[in-house]
Amino acid sequence: MESGCSHYNDADSEHSRCIIHIDVDCFYAQVEMVRNPELRSVPLGIQQKNIVVTSNYEARKYGIQKCMLVTDALKVCPNLKLVNGEDLHNYRTASNKIFAVLQCWKCPVEKLGMDENYIDVTNLVQEKMKSLNVSNVTLSGHAYSEPSIDCPCGCHTRLRVTSQIASEMRKKIFEDLSFTTCAGIAHNKLLAKLICPQNKPNDQTTIFPEHGTSFMSTLDSVRSIPSIGSKTTEALISQNIVTVSDLQEASLDVLKKHFSSDMAVRLKGLSVGEDNTPVKQTGKPQSIGLEDSFKIVSVRSEVEDKFTALLQRLLVLVREDGRIPVSLRVTLRKKDAKRLSSHRESRQSQISPSIFALSNGALTVTDAGQQKLMNIIMRLFNKLIDLSKPFHLTLVGLAFTKFQERMTGRGSIVNYLMNDISVQSVLNLQNECDTSASSMDYSAVSPSSSTTTDLSDAEVEPSPKKPKKVNWIAKRRCLSKEEVASPSKLKVGELRLNSKELEKVSELRLNSRDRSLTPRASPAKDNLSDTSDSMRDCEERSCDDCPSYVDKEVFSALPDNMQKELKAMWKNPSTSEVQRSSPRTTNKAKPNTIMKYFVPHK
Ligand code: TTP
Ligand code: MG
């Protein structure tokens, strides 16, 4: 049964929203191919441990599938070129760059895992419709099915305009970063995500609201629906509800016997393609952390080596993030020989922001600063471990868990000028996944896990946190437990590293990274003549003299004289550089300089 617009009563009923879902084609493989174009012409697999987590489309011709065992993959394609994908750094960087490009449209962008984003372009479409001859707007890309009714709410035209914007976005990502992508266009997130892979790779598909029900009925398993996890699936299967079509036919009363009333209604809605969850702008993660797991470490000096390597890697992430950390947490997983089990313990301590310095807009840490951090880490370690007895660890973790207001504090103009660059961490992924990713709907954490604040440190964490439950999240699709075991899909606590990745850590130099995430190429021009307005804005506002941490849009909104003064200040930092660690220095700015107007309030 097809549901026309007039059948809807909920928030979805007017089909007023315009949602784009963008998924990068064979993401890890493309990152490797962009880095090394010779890989483009060969079948390429990305290996993590003994699994091929993804492959390029050349390899897929041979039947290589995601998460195949390496041995099986080599059987079907003996020429498969394997690249180790256990170091996620380049993937994360690419992911952040794609996110930054999408933000140029000034619409809410929600990052979902590393290679997917939702964009709510409703307002932008409305703006464009004011100046467009709507009868001329054509659809860009494919339609799942041609419109079958004349929807009075105007959604068909809006979605055509949306398809043009999606095409612009994909073009821009390709021109700036060389990644091909797929897009799904719909009036809600659920349909946009599910329709996205219909014409992959490198293409896009629009689904009109009246086809939601019939499209959903083509899905084999209820687990294909992003917000239905393993427990819900099990409960549905126990009621003989296996396919989405079964769910469409199930009576609400039967569902209410097994789920809460709200849940039952939601399940019925999902089965016919209804979803009113909003696109939530992705922000900064609450903490940035890394963990390294291994078989066993029982010697203090080895632990110190592991922490040194983790710290180096973590400082790279913090530098990319741009915020100054003020709290550090150390986590250990101890092997308990008696119980044959492992449990985690954590301690955290505040750290002095003066350990970090700002140099030309980039966060830096001197060798002495790194040594200070190592001292704090090992002090926390000593408190977690009784060194008079043997110990056996299977994991060490480090996380920066709190961040200072940027530079000169809350009132500083510089705070408003900062770019928001999100760094992938699990907290971030959890936020991203809660409505739309197909998460494993169970929580798990070692029952004996504990986080203890290190009250004995000079700089004390003011509010000790209670032990937290950690969600085990399998990003997108409905992953079986075996799939979850895929190394980079399983995100627990923070991003895990394996020891191989850590071997590379020493090569990383905190100051050698290019942090530029600003889009550069000119906007794509499509047959929809003025769909690029917001892109042009994005570029016209750019300020060549600004340090990279400056949000160029905010900068461009300042009066000319303020812009000049800030530029002069950046050109000659010795006279005016803002010392992030000591707000008082801003008071010393010369009279009649802009700094006078931005002295923090006391
Ligand atoms: P996907 O978007 O599922 O896959 P993909 O981008 O490689 O291919 P497609 O063209 O079909 O979109 O996942 C994104 C990346 O996540 C993928 O490149 C590798 C990684 N990944 C894992 O690490 N483990 C997994 O189990 C899967 C499925 C993906
Ligand atoms: Mg993808």
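This note goes through the predicted model point by point, from the chain as a whole to single residues.

1. Basis of the note. The model is predicted, so that local features need pLDDT of at least 70 and side-chain atom pairs count only at pLDDT 80 or more, while totals for chains, interfaces and linings use all residues. Residues are numbered from 1 along each chain as its sequence is written, chains are lettered from A and ligands numbered from 1 in the order in which they are written, and side-chain values use heavy atoms, with hydrogens and water left out.

2. The chain as a whole. The chain holds 23 helices and 20 strands, where helices (H or I, at least four residues) and strands (E, at least two) are DSSP runs numbered from the N terminus. Of its 602 residues, 56% count as buried; buried means under 20% relative accessible area, exposed over 50%, and partly exposed in between, with a 1.4 Å probe and protein chains only. Among contacts (heavy atoms within 4.5 Å) between residues at least 6 apart in sequence, 72% join residues at least 24 apart.

3. The magnesium site. The magnesium ion (ligand 2) has Asp 23 (OD), Val 24 (O) and Asp 115 (OD) as its protein donors, at 2.1 to 2.2 Å. Donors are N, O and S atoms within 2.8 Å of the metal (3.2 Å for Na, K and Ca), and water is not among the atoms, so sites may look incomplete. Along the chain the donors of the magnesium ion (ligand 2) follow the spacing D-V-x90-D. The site has six donor atoms with angles of 82 to 172° among them, and is octahedral; for six donors this term requires opposite donors over 155 degrees apart and all others between 65 and 115. Val 24 counts as buried, because its relative accessibility is 4%.

4. Cys 26, between S1 and H1. Cys 26 lies in the loop between strand S1 and helix H1, and has a positive phi of about 25° although it is not a glycine. With a relative accessibility of 6%, Cys 26 counts as buried.

5. The buried residues are Phe 27, Tyr 28, Ala 29, Gln 30, Val 31, Glu 32 and Met 33, and what covers them includes strands S1 (19–24), S2 (44–48), S3 (51–55) and S5 (81–84) together with helix H4. Arg 35, also in helix H1, is exposed, with a relative accessible area of 53%.

6. H1 against H4. Helix H1 (residues 27–35) packs on H4 at an angle of about 95°, with the axes 10 Å apart; axes are lines fitted to C-alpha atoms, for helices over the stretch in contact, and angles run from 0 to 180 degrees between N-to-C directions. H1 is therefore roughly perpendicular to H4, a term for angles of 65 to 115 degrees, whereas those under 35 count as roughly parallel, those over 145 as roughly antiparallel and the rest as oblique. Phe 27, Tyr 28, Val 31, Glu 32 and Arg 35 in H1 meet Asn 90, Tyr 91, Ala 94, Ser 95 and Ile 98 in H4. The residues of this contact divide into six nonpolar, two polar and two charged, where Ala, Val, Leu, Ile, Met, Phe, Trp, Tyr, Cys and Pro count as nonpolar, Asp, Glu, Lys and Arg as charged, and the others, Gly among them, as polar. Arg 35 and Asn 90 are 55 residues apart in sequence and 9.4 Å apart in space, C-alpha to C-alpha.

7. H4 against H13. The axes of helix H4 (residues 89–102) and helix H13 (residues 300–321) come within 13 Å and cross at roughly 5°, and these helices are therefore roughly parallel to each other. His 89, Arg 92 and Thr 93 in H4 meet Arg 313, Val 316, Leu 317 and Glu 320 in H13, and the residues of this contact divide into two nonpolar, two polar and three charged.

8. Helix H12. In helix H12 (residues 261–271), Ala 264, Leu 267, Gly 269, Leu 270 and Ser 271 are buried. Packed against the buried residues of H12 are helices H7 (189–195), H8 (212–216), H9 (230–238), H10 (244–249) and H11 (252–258).

9. Two loops to inspect. Pro 201 sits in the loop between H7 and strand S10 (204–206), and the peptide bond from Lys 200 to Pro 201 is cis, with omega near 0°. Asn 240, in the loop between H9 and H10, has a positive phi near 65° and is exposed, with a relative accessible area of 67%.

Conventions:
Four donors count as tetrahedral if all angles lie between 85 and 135 degrees; four count as square planar and six as octahedral if opposite donors are over 155 degrees apart and all others between 65 and 115; anything else is irregular.
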